[in-house]
Amino acid sequence: MRKLIVCAAAIVLACGQIAAAGAEKFFDPAALTTVGVYYYPEHWDPSQWERDLKQISDMGFEFVHYAEFAWAQLEPEEGVYDFEWLDRAVELADKHGLKVIMCTSTATPPVWLVRKHPDILLTREDGVIVDHGSRQHPSVSNEFYREYSMKMITRLAEHYGSDSRIMGWQLDNEPRPFVDYGPDAQKRFREWLQRRYGSIEALNKAWGTAFWSQVYSDFSQINIPMLSQQFMNTHQILDYGRFNTEETVSFLDEQTRVIRRHITGDQWVTTNLIPDYNNGHLRQIRELDFHSYTRYMVFGENYGVGRKGYRLGPVERIAKANDFFRTIDGVYGVMELQPGQVNWGRINPQPLPGAVRLWLWHVFAGGSSFTCTYRYRQPIYGTELYHYGIVGPDGVTPTPGGLEFKTFIEEIALLRRNADPGAAAPAEFESRRTAILYNHENEWEMQRNRQTTEWNTEEHIDKYYGALKSYGAPVDFIDEGDEFSAYNVVVAPAYEMVDRELIDRWTAYVEQGGNLVLSCRTGHKTRNGQLFEAPYGYPVWDLIGADIDFYDLPMPGDPGEVEFEGRRYPWTSWGEILTPRGATEVWATYQGDFYDGRPAVTHTRRGKGTVTFIGADSHGGQLEKAVLQQLYGRLGIELLDLPAGVNIEYRDGFGIAVNYGDRTHRLPVDGKEFIIGGAEIPVAGISVWKQ
């Protein structure tokens with residue numbers, strides 16, 4: 001089974017690449033990656049443009065990023081377009097050997113449009129209408145705004161769609177669902193519900209409106225839920241999240257279709273997405289050539305390894321984004337990578353020297369086709385004063401992060417001379433490849449119904465993800481549209497909302513030789529967020545080989561304990577007490593409460609495969625990590641034991657290690673030829689070797 005799964009994992013990657021063949025063609029494998037930078041010619045005196053673009057080129061950047069927020073300059077009055085200034089900026093980029101990413105400017109409509117059509121602005125829950133002077137203030141549910149945006153995008157695409165200097169297109173800016181209570185949003189929500197349910201009777205059943213006299217007799221009676229109102233119908237909120245996601249997705253997909261009518265086959269379309277994984281649009285945008293993400297690492301959050309970890313950020317922050325976005329299309333890019341100190345955090349510390357280079361290498365290690373940074377020049381006016389760029393406010397002096405970008409570009413040039421583009425990773429590495437099955441709707445539902453202040457869905461998932469990466473396992477985030485059989489192990493943490501089809505697929509996967517890991521809260525609810533008319537988790541009882549008798553939520557000051565292999569692990573956020581069936585093994589038990597000695601973790605064989613059920617959410621994830629170690633040991637898969645903050649990845653014939661830890665570590669790599677660094681990897685260090 002193990003050899004088969006290694007091959008299957010390779011097949012899944014190959015299939016992802018085949019599916020994304022339209023995206024792969026845009027990038028030269030021999031280049032490995034390309035590096036670019038945001039430049040805003042409209043922010044600077046035109047006499048400085050050539051100086052700036054020459055310095056961008058001299059530092060080694062290969063492309064620039066234009067027009068993201070420039071609608072007012074592109075269309076200074078209704079129906080009057082001005083591309084002359086942007087044409088000059090494109091010409092200067094080309095003169096200095098730079099390609100261009102062109103952007104739609106839909107995040108910032110011009111004031112004349114806002115004043116003439118104030119209905120395009122977002123309406124908040126309290127009825128306040130936002131105003132011009134920010135960004136992302138228009139509503140994608142406003143039908144006039146949608147229509148007018150496409151007119152502007154059409155003109156932009158007509159003008160640059162056959163221009164060989166334009167390498168690709170970015171839609172909007174960090175697009176994500178925004179709540180809007182305007183009349184068009186209310187209308188479109190009701191229409192969406194009617195399409196979804198067909199009849200008001202079906203909606204009443206799905207929403208459980210018999211509770212608290214909420215019954216509707218017509219779709220026109222339904223409003224967007226008041227999200228701040230206590231005890232609002234939870235099923236209505238779930239559907240509103242689905243609707244709002246679809247509004248964002250359809251707006252972006254429509255932009256892509258408009259652009260594609262005018263561009264050549266050499267230009268690609270993507271957008272820059274914030275990896276807030278519970279935003280459902282991240283995996284649902286259908287028309288893009290590939291997805292790209294934005295990542296900032298140091299902005300005053302007190303996390304990372306050790307006392308100064310806040311200067312590097314946590315290793316999982318880039319690793320998880322790589323593993324999430326890579327599996328959508330097989331190709332991904334990073335559109336904004338932090339170049340240094342920022343201005344918008346609660347506290348804005350300096351990154352550790354070497355941090356920016358570390359982040360660049362980590363993005364590359366995960367398989368990115370390009371990395372871009374926001375921005376070249378630090379702004380001297382506007383909302384983002386003190387946000388570092390590649391050069392400082394004088395426009396010429398490189399910042400520390402700018403110099404680290406330059407160093408990375410030089411190191412990539414070295415790698416290009418030693419690469420084996422597309423080379424497979426070592427078989428031992430691939431043998432550990434694991435999938436995490438993720439559905440954002442589960443996170444929505446559990447965060448609204450946490451039942452305890454101790455529960456955090458994303459942190460629960462990260463306990464499994466962090467453990468896998470510490471074992472040197474390549475991880476793919478997948479969804480229910482992907483093929484489970486490509487993986488030896490599939491982990492589905494806290495998969496609360498299920499249906500019969502999914503359980504049957506899990507069962508078939510296991511019976512055919514797969515190894516499934518499930519955790520607490522799995523199988524509690526229908527897809528509409530209703531409890532099954534059955535005991536807790538009943539739909540998965542046969543699959544896990546155990547009954548779920550009840551769950552417990554201890555007080556934060558009185559943690560429970562789970563004993564596994566002679567060691568005790570504290571927990572408080574959620575624990576399910578199990579009764580095993582038949583030959584199901586008990587791997588761990590609860591200790592110190594009225595259910596002392598009852599099973600907490602079980603393991604059962606089914607057909608050719610296994611199901612491991614972890615009923616408790618432990619403090620820090622050490623229980624989850626230990627259980628995974630035992631499972632992989634049973635499967636004969638050799639694991640690494642990487643120190644906190646260290647990740648190892650493989651691509652293009654290279655092994656790449658990064659160190660976000662607080663001390664120097666020795667890598668478990670022997671007899672290899674190092675291209676950069678060595679077996680001793682310092683804090684904020686990287687090491688690259690030929691595999």
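Ser 618 is found in strand β19, which covers residues 616-618. The model described here is a predicted one.

**Ser 618 and its surroundings**

- Ser 618 has a relative accessible area of 1%, and it counts as buried because that value is under the cut-off of 20%.
- Leaving aside neighbours within four places in sequence, the residues in contact with Ser 618 are Lys 463, Pro 570, Trp 571, Leu 623 and Glu 624.
- Two of these contacts can be described at the level of atoms. With Glu 624, Ser 618 forms a polar contact of 2.5 Å between the two side chains.
- With Leu 623, the side chain of Ser 618 reaches the backbone nitrogen, at 3.5 Å.
- Gly 575 lies 43 residues away from Ser 618 along the chain, and the C-alpha atoms of these two residues are separated by 8.8 Å.

**The sheet of β20, β21, β25 and β23**

- Strands of a sheet pair through backbone hydrogen bonds, and the pairing can be parallel or antiparallel.
- In this open sheet of 4 strands, the pairing is antiparallel and the order is β20-β21-β25-β23.
- The edges are formed by β20 (646-651) and β23 (673-676). Each of these strands has a single partner strand, so one side of each is left without a neighbour in the sheet.
- On average, neighbouring strands of the sheet are turned by 25° against each other, with direction ignored.
- The antiparallel pairing of β20 with β21 (residues 654-659) runs over 6 bridges.
- Helix α13, made of residues 400-416, lies across β21, β23 and β25 (686-690). The helix runs at about 145° to β23.

**The contact of helices α7 and α8**

- Helix α7 spans residues 143-160 and helix α8 spans residues 183-197. Their axes are 8 Å apart, and the two helices pack at an angle of about 95°.
- That angle makes α7 roughly perpendicular to α8, because angles of 65 to 115 degrees are classed in this way.
- On the α7 side, the contact is made by Glu 143, Phe 144 and Arg 146. On the α8 side, Asp 184, Lys 187 and Arg 188 take part.
- Sorted by class, the contact of α7 with α8 has 5 charged residues, 1 nonpolar residue and no polar ones.

Notes. Residues are numbered from 1 along each chain as its sequence is written. This is a predicted model: local features need pLDDT of at least 70, side-chain atom pairs count only at pLDDT 80 or more; totals for chains, interfaces and linings use all residues. Side-chain values use heavy atoms; hydrogens and water are left out. Two strands pair if DSSP finds at least two bridges between them. Axes are lines fitted to C-alpha atoms, for helices over the stretch in contact, and angles run from 0 to 180 degrees between N-to-C directions. Contact means heavy atoms within 4.5 Å. Angles under 35 degrees count as roughly parallel, over 145 as roughly antiparallel, 65 to 115 as roughly perpendicular and the rest as oblique. Ala, Val, Leu, Ile, Met, Phe, Trp, Tyr, Cys and Pro count as nonpolar, Asp, Glu, Lys and Arg as charged, and the others, Gly among them, as polar. Buried means under 20% relative accessible area, exposed over 50%, partly exposed in between (1.4 Å probe, protein chains only). A polar contact is a pair of N or O atoms within 3.5 Å; within protein, one must be able to donate a hydrogen and the other to accept it, and residues adjacent in sequence count only if both atoms are side-chain atoms.
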